[in-house]
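Please look at the protein shown below and follow the description one region at a time. The account begins with a single residue and then widens to its surroundings.

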Amino acid sequence: FFYLPVIAAAVVWGRRIGLAAGAIAGVLAEPVPRLLLGEWGEVDRGWVVRAGALMLVGWVCGSLTRSLLHRVDELETLNRETIFAFVRAIDARDPYTARHSEKVAAYAVELAQELELSPAACERIRLAGLLHDVGKVALERSLLHKAGPLSDDEWRQVREHPGLSAHIIGGVARFAAFLPGARHHHERYDGRGYPDRLFGTEIPLDARVLAVADAYEAMTSDRSYRGALTHDGAIERLEAGAGSQFDPICVEAFVALRRGAAAIDGVTGPVLDLGLVGSAA
């Protein structure tokens, strides 16, 4: 019975508290009850060994827990570094879309928070936003840099990138939660999108959030084939596409959010916080 609180204390508060809990448990296990009953002379001197064992258990459990938590932190850091390596690979291929994925992720998190999604869902959407265009590394550089209109065959190749993103992400088991957002961020609410022509709420919520964030960032950034739209121009296009291209609820929330941010900041475009938001769930 006395081992349980010792182990619990060590796991929650660390090895020093575990050691102290072991010492306290060792005293409470025999000397104190005997003393209260007036039987001090009958105390088995072996209790010292048992108290030592309890203290050792507390120290070892605390050390193992600390080591495990350190290892988990290292793995989470590795996951984040891997994701940003993918993002930098995309940026290296297309300077016009440099930091596009980071900005999409930031917009998407703001929208997810506006929709009152859980912190775990917001973090999942953020990481899916960082990875959503990773499939573009498989496209020819000429497609990404082309200044004029794309041919039908070139459009077919470009439309393969969500599936390619899902294929690349699917190779890492830890990234499985990001697949729905990455694969379906170009689906349309009216069912005319790609790659799977999903309709309405058949489209995963992560993808519906990313679709709005992705479109806004793309419209307000310079591209090789056009200049950037103004903040107001992009908002008008989002509102025009609500219910056809985009989830109307997501558009309504995003428009309210961005107009509020513009009013507070006193600028036509938002100020982004591109920092990390916790760890992946």
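Y216 has a relative accessible area of 1%, so this residue is buried. The model in which this value was computed is a predicted one. Another buried residue is F254, because its relative accessible area is 0%. Y216 and F254 form an aromatic pair, with 5.1 Å from centre to centre and 65° between the planes, an arrangement described as edge-to-face. Since Y216 lies in helix 11 and F254 in helix 13 (residues 248-265), the pair ties together parts of the chain that are 38 residues apart in sequence.

Taken together, Y107, Y216 and F254 form one aromatic cluster.

Attention may now turn to charged side chains. Side chains of opposite charge can pair when their charged atoms come close. The whole structure contains 12 salt bridges. One of them joins D206 to R124, with the closest N and O atoms 2.7 Å apart. D206 counts as buried because its relative accessibility is 7%, whereas R124, at 28%, counts as partly exposed.

Another salt bridge is formed by R99 and E102, whose closest N and O atoms are 3.9 Å apart. Here R99 is partly exposed at 38% relative accessibility, while E102 is buried at 18%. R188 and D190 also form a salt bridge, in which the closest N and O atoms are 2.9 Å apart. D190 has a relative accessible area of 22% and is therefore partly exposed. Salt bridges with shared partners also join D153, R156 and E160 into one network.

Two further helices may be considered next. H184 is located in helix 10 (residues 179-184), and its relative accessibility of 10% means that H184 counts as buried. Apart from neighbours within four places in sequence, H184 is in contact with D196, L198, I203, P204 and A207. In helix 12 (residues 231-241), the buried residues are H231, G233, A234, I235, L238 and G241. Just after helix 12, G243 takes a positive phi of about 90°.

Which residues make the nonpolar surface patch of about 600 Å²? The patch is made by Y3, I7, V11, V12, W13 and I17. Helix 1 (residues 3-13) contributes the largest share, five residues. I7 has its place in helix 1 and is partly exposed at 33% relative accessibility. V12, also placed in helix 1, counts as exposed because its relative accessibility is 57%. The C-alpha atoms of V12 and G62 are separated by 8.1 Å, although the two residues are 50 residues apart along the chain.

Technical notes: Residues are numbered from 1 along each chain as its sequence is written. This is a predicted model: local features need pLDDT of at least 70, side-chain atom pairs count only at pLDDT 80 or more; totals for chains, interfaces and linings use all residues. Side-chain values use heavy atoms; hydrogens and water are left out. Rings of Phe, Tyr and Trp (its six-membered ring) pair if their centres lie within 6.5 Å; planes under 30 degrees apart count as stacked, over 60 as edge-to-face and the rest as tilted. Helices (H or I, at least four residues) and strands (E, at least two) are DSSP runs, numbered from the N terminus. Buried means under 20% relative accessible area, exposed over 50%, partly exposed in between (1.4 Å probe, protein chains only). Patches are made of residues with over 30% relative accessible area and no salt bridge: like charges are joined within 9 Å, nonpolar side chains (Val, Leu, Ile, Met, Phe, Trp, Tyr) within 5 Å. Accessible areas come from the Shrake-Rupley method with a 1.4 Å probe; for residues, only the protein chains shown count as cover. A salt bridge is a side-chain nitrogen of Lys or Arg within 4 Å of a carboxyl oxygen of Asp or Glu. Contact means heavy atoms within 4.5 Å.
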